[in-house]
Number of protein chains: 2
Amino acid sequence: MGVTKSEIFTDYQNELAVASRVFGHPARIAILQHLIKTQTCVCGDLVEVIGLAQPTISQHLKELKNLGLIKGNIEGARVCYCIDAVRWGEIKKLFESFLGQQVSASEECC
Amino acid sequence: MGVTKSEIFTDYQNELAVASRVFGHPARIAILQHLIKTQTCVCGDLVEVIGLAQPTISQHLKELKNLGLIKGNIEGARVCYCIDAVRWGEIKKLFESFLGQQVSASEECC
DNA sequence: AATATTTATCGTATTATTGCAATATAACAT
DNA sequence: ATGTTATATTGCAATAATACGATAAATATT
């Protein structure tokens with residue numbers, strides 16, 4: 001049906017899934033990389049940097065904003081985006097808590 | 001169009017996005033958690049544990065297999081699944097390389 | 001052999017996601 | 001005031017993802 005049955009899962013499972021989905025598009029990865037690389041705000045050059053149409057970039061930025069990973073400052077007619085370092089740290093911890101689990105190193109399965 | 005323009009992105013960006021999408025469903029998170037918790041193979045009880053229909057679970061297992069995160073051993077009529085620890089480590093490193101980046105701690109944006 | 005059990009696959013309905021043209025909105029420039 | 005620039009929103013088309021009933025395939029059980 002295309003609709004995820006979120007209600008049968010834990011908050012943790014849903015949180016991790018929602019965050020993962022935001023990372024689940026290369027354009028959003030590329031946007032985050034660009035924001036990190038410039039180490040400051042980026043005002044308007046994302047459309048040329050990424051190579052998608054302006055409405056498409058705007059939509060991806062919206063999803064990054066929804067997760068709180070980026071914040072936008074209105075600078076006159078422009079909007080400048082930068083990473084929200086606090087939220088970035090939270091998401092980092094969320095993934096660490098999952099990926100950092102001890103998985104059994106047994107070569108033999110069963 | 002619902003089709004990602006993968007060709008305009010780097011291998012790294014696409015790899016991270018593809019892996020993220022696999023984590024982008026709570027059922028798949030739940031399956032991985034269960035496999036890790038039992039510390040060994042799981043044969044058949046996933047349908048009851050997760051609470052989705054058998055074909056749906058089978059489909060999620062397929063996606064986890066495609067990424068290489070789990071491997072299935074045929075045990076007679078049953079199939080037993082367990083985490084692939086090596087691949088798990090690779091994916092862990094992939095996320096660490098991204099999330100571990102130094103994001104500027106500047107409170108002031110622009 | 002006949003039946004039961006277990007998992008995979010197929011088909012299909014429904015919703016989500018991606019992408020962009022067109023348009024709206026808001027500030028700046030002249 | 002008018003035009004320009006920058007970003008967001010709307011509307012739509014196309015593809016992807018989710019879920020499950022029905023069925024297939026393979027082994028176990030009786």
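Colleague: What angle do α5(A) and α5(B) make where they pack?

Modeller: This is a predicted model, where local features need pLDDT of at least 70, side-chain atom pairs count only at pLDDT 80 or more, and totals for chains, interfaces and linings use all residues. Residues are numbered from 1 along each chain as its sequence is written, with chains lettered from A and ligands numbered from 1 in the order in which they are written. Helices are DSSP runs of H or I, at least four residues, strands are runs of E, at least two, and both are numbered from the N terminus; axes are lines fitted to C-alpha atoms, for helices over the stretch in contact, with angles from 0 to 180 degrees between N-to-C directions. Helix α5 (residues 85-99) of chain A and α5(B) have axes 11 Å apart and an angle of about 165°.

Colleague: So how are α5(A) and α5(B) oriented to each other?

Modeller: Angles over 145 degrees count as roughly antiparallel. The pair packs at about 165°, so α5(A) and α5(B) are roughly antiparallel.

Colleague: Which residues of α5(B) make the contact?

Modeller: Residues are in contact if their C-beta atoms, placed from the backbone, lie within 7 Å. From α5(A) come K92(A), F95(A) and L99(A); from α5(B), K92(B), F95(B) and L99(B).

Colleague: Which element gives the largest share of the side of chain B that touches chain A?

Modeller: In total, 40 residues of chain B are in contact with 40 residues of chain A. Among the elements giving two or more residues on the chain B side are α2 (26-38) and α5 (85-99). The largest share, six residues, comes from α1(B).

Definitions and conventions. Contact = placed C-beta atoms within 7 Å. Parallel < 35°, antiparallel > 145°, perpendicular 65-115°, else oblique.
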